[in-house]
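These entries record what I looked up in the structure, in the order in which I looked.

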Amino acid sequence: MADAGGFEYSERDGKVRITHHGVHATTLRGQRAAEFLARVDREDPQELMARLTGNYRRGNERVAKQHPRNQGRR
């Protein structure tokens with residue numbers, strides 16, 4: 001798995017705000033925020049935030065970019 005670093009979160013008024021390299025990525029409210037706060041201590045926080053924001057790379061982007069059928073595409 002590629003490094004999922006750069007995520008931070010802050011909790012305020014029952015909401016969890018997740019940022020990626022200082023840019024707002026998502027806000028969790030209600031049950032999702034409570035679940036996140038319960039899981040963040042048990043799991044890798046960087047990976048968890050990457051999965052929740054959809055910014056979760058699988059490490060195959062470079063390989064796919066170099067595949068012959070993708071040559072000339074941008």
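**Entry 1: order of elements.** I read the elements of the protein chain from the N terminus as β-β-β-α-α-α, that is, 3 helices and 3 strands. Helices (H or I, at least four residues) and strands (E, at least two) are DSSP runs, numbered from the N terminus. I note that the model is predicted: local features need pLDDT of at least 70 and side-chain atom pairs pLDDT 80 or more, whereas totals for chains, interfaces and linings use all residues. Residues are numbered from 1 along each chain as its sequence is written, and side-chain values use heavy atoms, with hydrogens and water left out.

**Entry 2: whole chain.** I found that 20% of the 74 residues count as buried; buried means under 20% relative accessible area, exposed over 50% and partly exposed in between, with a 1.4 Å probe and protein chains only. I also looked up the contacts (heavy atoms within 4.5 Å). Among those between residues at least 6 apart in sequence, 35% join residues at least 24 apart.

Entry 3: I see an open sheet of 3 strands in the order 1-2-3, with antiparallel pairing; two strands pair if DSSP finds at least two bridges between them. Strand 1 and strand 3 (23-28) are the edge strands, each pairing on one side only. Neighbouring strands are turned by 25° against each other on average, direction ignored. Axes here are lines fitted to C-alpha atoms, for helices over the stretch in contact, and angles run from 0 to 180 degrees between N-to-C directions.

**Entry 4: the hairpin.** I counted 6 bridges between strand 1 (residues 7-12) and strand 2 (residues 15-20), which run antiparallel. The two strands form a hairpin with 2 residues between them, and Asp13 in the turn has a positive phi of about 55°. Glu11 has Val16 of strand 2 as its bridge partner, and Tyr9 has Ile18.

Entry 5: I looked up Ile18, which lies in strand 2 and is buried at 0% relative accessibility. Beyond four places in sequence, the contacts of Ile18 include Phe7, Tyr9, Val23, Leu28, Phe36, Met49 and Thr53. The C-alpha atoms of Ile18 and Leu52 are separated by 9.2 Å, at 34 residues apart along the chain. I then turned to Thr19, also placed in strand 2, which counts as buried because its relative accessible area is 13%. Thr19 touches Gly6, Phe7, Glu8, His24 and Ala25, residues up to four places away in sequence not being counted.

**Entry 6: helix 1 against helix 2.** I found helix 1 (residues 30-40) and helix 2 (residues 45-53) packed at an angle of about 155°, with their axes 10 Å apart. Arg32, Phe36, Arg39 and Val40 of helix 1 make the contact with Pro45, Leu48, Met49 and Leu52 of helix 2.

**Entry 7: helix 2 and the sheet.** I see that helix 2 lies across strand 1, strand 2 and strand 3, running at about 80° to strand 1. Leu48, Met49 and Ala50 are buried in helix 2. The cover over the buried residues of helix 2 includes strand 1, strand 2 and helix 1. Just after helix 2, Gly54 takes a positive phi of about 85°.
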